[in-house]
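Let's take a friendly walk through a protein fold, one piece at a time. Have a look at the structure first, then read on.

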Amino acid sequence: MSALAIAPTFLSDFTRLTPDVQLDTLAVMRAYQAGDRPGLESVAGAADPRVRVVSIARDWSGVIVPDPDAAPGPEEAEEAGSDDPPYRLLTVRPRAEALRYARSLRPETLPDAPTGTDGAALAPVGPPELAGALNSPFAQWQITLHPDQHQVTEGHFNGSVQVTGGPGTGKTVMALHRAAHLAELDAAAHPEDDRESVLLTTYNRGLAQSLAERLDQLLPDPGTRSRVRVATIDSLARTIVQSHTGVAPRMASRDELAQRWRAVALADGLPFSGRFLVDEWEQVILAKGLELLPDYIRCERSGRVQHLAPEHRRQVWETIRRYAGAMRVEGLWSYPQLAGEAARLLDRSGPLYRHVVVDEAQDLHPTQWRMLRAAVPEGPDDLFIVGDPHQRVSDNRVSLASLGINVRGRGHRLRVSYRVTQEILDWSMPILGRRSALGMDDDADTLAGYRSLLRGPAPVVRGCASRAEELTALGEWVRVWLEAGVGASEIAVAGRNHWVVRGIAKELEARGVATTPLEGAGALSAVRVGTMHQLKGQEFRCVALLGVSEHLLPPRAALEAAEGDQVALEHVYQQERTLLFVACTRARDALYVSHVGQPSQLISEW
Ligand SMILES: Nc1ncnc2c1ncn2[C@@H]1O[C@H](COP(=O)(O)OP(=O)(O)OP(=O)(O)O)[C@@H](O)[C@H]1O
């Protein structure tokens, strides 16, 4: 038995249905696929006798037309006595309206664009000047830059530049075009010296991979392209340290460190958790570059919840120094520590690049900024920094000026979104719970005036009774997207933790939908699956977020780690809000969110 195909125009009607009618529609499609074909009714007085309607729910019907894609054609199949002529579902409407619409359809007006083309029906609508970009293939759209923004990406500046703006305002694309422009200038100015002279760096691997692919498109000449190194901030630190020491550094995550240091705290009789010590080391000692105990005793531990009396500071300092030293002997590094080491090595050996372009800048640690500062000589067009303080998901807070990076008078604020539709923005902004955040230039950054030029369907929120139901609903939804012609690699599905992610991948694979991890996926044609953190900085046509449930978001463990401290709890909530906001704003065409039982407070307490 064949599946009931859907027409390219189906999805835009579908997303406007109430969740109940959507579920009933999916149930009919599922029944059709399982061979349990619901009755297709002929339509009295129809202009085209091949048109059918199918009952979806009380008072709702689907309009079904012959599928021009299918072989053999519907008439041949009917003549051959097949009981399963290929049809596709055109729309679902209230019954009377569906019948009226079905009667009016004529053979010559039946939509004959094949399904599975490019899903153009899903694309959001915007002003005429954006239509060309929106209707072009997604990969092409992803490198589109607004003409106004060329002024910045091709400008000449007396020092470092900072570009800020909400999700989808074009920051990443500006970073890409800036890197390409600088490489072209460099090729013209130094034709004989073709080493890597421009660094384009970002926070996570998925985004670095996508930047590298898009840069290949922007710089087709291999000689110019090879002048740009695209790397995550961590891999940059690793290669710098390895090239100086000849040893590949072994990395320890924060969780591993917290576990090790818990034992340390116990052994030293310190009344602090491992997590507290790691945070104190990374967020105070490494962040401020403190080398001496008196400096630590005097320093302002801004952003830290727990007060530390001088005698406690002394103990904490001794313990941290001893164990950070032991890690170095072992060749084990934390990420901020390694970047600090790379900065020291570069301070001695000299800069590596002529220009540095930084994306997702809001999440970098101060030691990573010191490394970048040391990687490029101070001067015109040295650093081009793009970021959004409202999307900071790490604990890292920086003041660029205090790190020797001066962007005063060279800041650009973007306020128009070219990716996130107004509908998705209206739904996602309340999740953030605030309108102002401290920027890297030490000024408050506000989202006031941030708006979109695009209109599209409202996000769909689905409440499910069980995890199994949530996964089944997802499978059906992804199928609808694929059938509407959205490319598999243009769809991302994410959850807050790896347990949710594993369930997603298993469900989709069981349905014959190929999946691949969000990080390092390359050009593979498969649905991207990963954590919400891995979605950061990326963009997709359709995004589904699972497990946005009360018991999973914020995660229990994060709430418990706050140990009832009100400030720490608020910090956890703000980080989780930001993470969810970032995940929701990755979608251009469609956003689908589901939960089991009660929804997360982050989407229910508006
Ligand atoms: N004038 C335009 N017309 C159509 N599309 C555009 C235009 N300008 C930018 N875009 C597209 O909008 C998308 C959003 O841009 P981009 O990913 O750079 O946003 P961002 O500010 O980095 O977002 P985020 O902070 O969420 O990562 C890009 O794919 C870009 O090509």
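Helix H19 (residues 467-483) lies across E18, E19, strand E21 (527-531), E22 and strand E23 (587-596), and runs at about 165 degrees to E23. Keep in mind that this is a predicted model, where local features need pLDDT of at least 70 and side-chain atom pairs count only at pLDDT 80 or more, while totals for chains, interfaces and linings use all residues. Residues are numbered from 1 along each chain as its sequence is written, and side-chain values use heavy atoms, with hydrogens and water left out.

**A few terms**

- Helices (H or I, at least four residues) and strands (E, at least two) are DSSP runs, numbered from the N terminus.
- Angles run from 0 to 180 degrees between N-to-C directions, with axes fitted as lines to C-alpha atoms, for helices over the stretch in contact; contact means heavy atoms within 4.5 Å.

- Six strands make an open sheet in the order E18-E23-E22-E19-E21-E20, with parallel pairing (two strands pair if DSSP finds at least two bridges between them).
- Strand E18 (460-464) and strand E20 (515-517) sit at the edges with a single partner strand each, so one side of each has no neighbour in the sheet.
- On average, neighbouring strands here are turned by 25 degrees against each other, direction ignored.
- Strand E19 (residues 491-495) and strand E22 (residues 540-545) run parallel and are joined by four bridges; valine 493 has alanine 544 in E22 as its bridge partner.
- Helix H23 (residues 566-584) also packs on the sheet, touching E22 and E23, and its direction makes about 140 degrees with that of E22.

**Strand E12**

- Strand E6 (residues 161-165) runs parallel to E12 and is joined to it by four bridges, with threonine 164 partnered by glycine 387.
- Strand E11 (residues 355-358) is parallel to E12 too, through three bridges, and valine 358 stands opposite isoleucine 385.

**Domains**

- The domain assignment, automatic or from a database, gives domain 1 (5-109), domain 2 (155-246 + 337-453), domain 3 (253-333) and domain 4 (457-604).
- The centres of domain 3 and domain 4, taken over C-alpha atoms, are separated by 34 Å.
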